[in-house]
Each structure stands twice: as C-alpha cells, then as structure tokens.
Amino acid sequence: MRRLQIVTFSLLLAAAYANSTTLYQVTLLADEGKISVDACLSADATKLVVGNKRASRYVATSVESNLVQTRSSLHIVNKTNPCFNYTVDLHKARKDRFAYQVGKSWLVNNHSWLWLPDTNQPVHANFRDENGNPVKLSAPWRIKNGGYHLNETPIHWTSRIAFGDIEIVPTNVGESVLNVALLNIQQAQKRRELVNWVGSAGRAVASVYGRYPLTDVQVLVVPIGKRKEAVPWAEVQRNGHPAVHFFIDPNRPIEQFHADWTATHELSHLLHPRIEYQDRWLSEGLASYYQYIVQARAGMLTNQQAWKKFTAGLERGRKKADRPLRSAKQTRHAYWGGAAIYFLADIELRKSSTGQSLNEVLDKFAALHLPSNKLWSAEQYMQTLDEISQTKIFTTLLAKEATGSTFPIRRADEPAFSPSQNTITADILGGN
Ligand SMILES: [Zn+2]
C-alpha cells in the first residue's frame, strides 16, 4: 500500500519539480507520535530551515534520507537527487512543550517539524495517515490546488496543527467560516456547546462591520485540565492564515465561557494585521476596545454593563501608566491605553464632518489589506487609517496621546463619555 503510493507520489513530485513548486507529502502517525515528510526540492534550494533552534533535536535523518544535519539546517547530501525524507519524534518535542498530546490527539507547533527550503519557492503539502488515507487535520494554511500552501508568511511566524482524535466543525459567521477544531472533548453536548460559544463570539465581532474580517479561519479549542477559569489562555498565531487558539478547562459550565471576555477579545484581533510587538498597545488596544462593545451589540451585555467593564479596564490601565503609552512595559497599561486611543479615534471620527465611525474605517482597511502577510509598524498602520478616513485623527493620536506622558483619558473626563450622557458612546455601544 505504502510502496504503491510512493510510486504515484514520485510522479506528482516530478510534475511539481518541473514548475519549481515543492510538494511535501506529510504522513501523520498519531499513534506513534511521529510526523514524516517526503519531498523533492527544486533546483535552487539545497538546504532546509525551521524557525526554532531546538527542532534539530527532534528530527531523525539517515543515509537513506539524503539529508545531513548541521546545527540549524538540514542539507541535501546527493545534489543530483533532490529528493529527501525525514521523520520527527513528537514525544521529544513534547518535552520542550512544542508538541502537546491530549488523549489521542496531538497539538503541534509547526516550528518543531516543518523544515522548509531557504528560498522563496512555493511549497504545497498533502497530509495522509500511515495507510495513505486522507487525515483529519486542523491547519492554518490556505488550500490551493488541493494542497496546503505552506510558506506565504515569514518563516519565523508561528502556527500549530492538530490531528488524531479531533472534531472539526465549520461554523458559519455570516458569509465567513470559522473551522472550529476540538481536541479530545468526549461529550457530544460539550462539543456542541463549545462550538456555539465560538460561533456566538464570532457573530458578536461581526457586528463591527457586518461581517467577520476573514474566512476559513482555524480555531483550536484545546482542553488543558482543571483551571481556575474557563479560558485561562488564548492567543492568535499568524503563520499562513491568522488563527485563534483557545486553551480551556472543559469541566466548567458553558455559562462561564459565555461570561468570559476572552473569545470576543481574541476573535477581534483578526480585525487588524500583525503589528510590531513593541507597539502591541495598538493590537491589544483594538481587541480590548471591542471585547465588551461587541458583547453589548450582540445583547450579551447591556450598554451600562459594557460601559462599566470598559471603564474598569481603563482604570486598571491608568493605574499602571507610569510612562508614555508607546513605551508601556505593563500589560494593563498597553492593553487599556491602546483601547483608550481607539475610543478617542471613534469619538473623533463620529464628530468629524465625514461622519464615519471606526467600524467603517476598519471595514475599508480589511477590504484593502486583510489578510496581510507583512509586519506593520505603528506609523504605517496609523498613516493607512488616516488615508482611509481622509483625516489626520490616527497619526495625531499616535503623535500626541500615545507619546504623551499621561494616560489618554483622564478619570475625571469619563462621566462625560458615559452612554447615559453622551449619545456618541450610546451609538458606539448600540452598534450604530
Ligand atoms: Zn490580545
């Protein structure tokens, strides 16, 4: 079975080789905890690299593999034969937390196994199980010509795959689809509840401009055992197509998931492109700004509840504001200082003669620039939002409020912004 498959595969490889696309045949061995890769490089590539220094410890090469290992790369031994194979031991990666096994499912950091040519040539991949059959896989890459397109974003951007005992539920959010992958959640009712939780948070975020910014989004829901809260950890990763990863305590009642802000926060991150980490107040600020507002728009919170939570966030940020926002060291300062900037931008836009809102500006930004495969600086991002809105609101906030020594919104000024006193805030919370 395997042998026959290799003959067919060699023909495919020869075809791929002719047009400089490298085709990876990836075999996922969930029971053994291994990933094996067969491929042939195109003429200009002779070595493979990976975004993680420790990955060389997990990979096995041999004379037959046609690869030799150096400190940080794998080199083709026989250059007249561009084909190679290697196998990665996930149990070794697991010790470094680059792979995680939960029941019979695997969650694997792609920097632990995915060695790629050090050239810009396109790489496509097909995934199979040990018998050569199609495999259930949650991956962040886009499917093109029947295979995953692996290298559209810079190699050091991170991502994960999940396979083994997983369920993948395509979940509609308007016209967009979130591919929710649940790892080792045994109860069918719990799986339905969790999918519904992700879907309702996605629909809340879609209230920003009437659609979720991206489609075919990988969403991972990973149980990590008993914890003090329903969603103790979550993050966005952006290698390939942006993806959202939730790490949960599966034993907690679903009401606690709906009451948590994490899902609307994380899913709001897909409204913006990747922004340089030193200016994370801009990315975290946008997610923090919308996390409660979209809950109010979706009817999950009243306007007054959302406003109370939002201003409590501002106060937490204000307490940690010991320097200008652009050099914020404290997480709460960065998150809530950034949220204050977007709130001020939204107010200014709505007061301006153009009568736009932040929703509309972000809608246009998404249409023009998302998904984005490049890293944005704060200056580029704010300049672009200015161009879209045909104002100077964003660059002015960057130059003044984000660089000034005081927190962007003073506590004494908050009451005047409250939805009971300010129709603009009431409009923001009401979704107008
Ligand atoms: Zn965040």
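Visitor: What relative accessibility does Glu32 have, and is Glu32 buried or partly exposed?

Guide: This is a predicted model, in which local features need pLDDT of at least 70 and side-chain atom pairs count only at pLDDT 80 or more, whereas totals for chains, interfaces and linings use all residues. Residues are numbered from 1 along each chain as its sequence is written, and side-chain values use heavy atoms, with hydrogens and water left out. Buried means under 20% relative accessible area, exposed over 50% and partly exposed in between (1.4 Å probe, protein chains only). Glu32 therefore counts as partly exposed, its relative accessibility being 47%.

Visitor: Which residue forms a salt bridge with Glu32?

Guide: A salt bridge is a side-chain nitrogen of Lys or Arg within 4 Å of a carboxyl oxygen of Asp or Glu. For Glu32 the closest N and O atoms are 4.0 Å apart, and the partner is Lys34.

Visitor: Which protein residues are the donors of the zinc ion?

Guide: Donors are N, O and S atoms within 2.8 Å of the metal (3.2 Å for Na, K and Ca), and because water is not among the atoms, sites may look incomplete. Lying 2.0 to 2.1 Å from the zinc ion, the protein donors are His265 (NE2), His269 (NE2) and Glu284 (OE).

Visitor: What is the relative accessible area of His269, and is His269 buried or exposed?

Guide: Among the zinc donors is His269. His269 is buried, and its relative accessible area is 5%.
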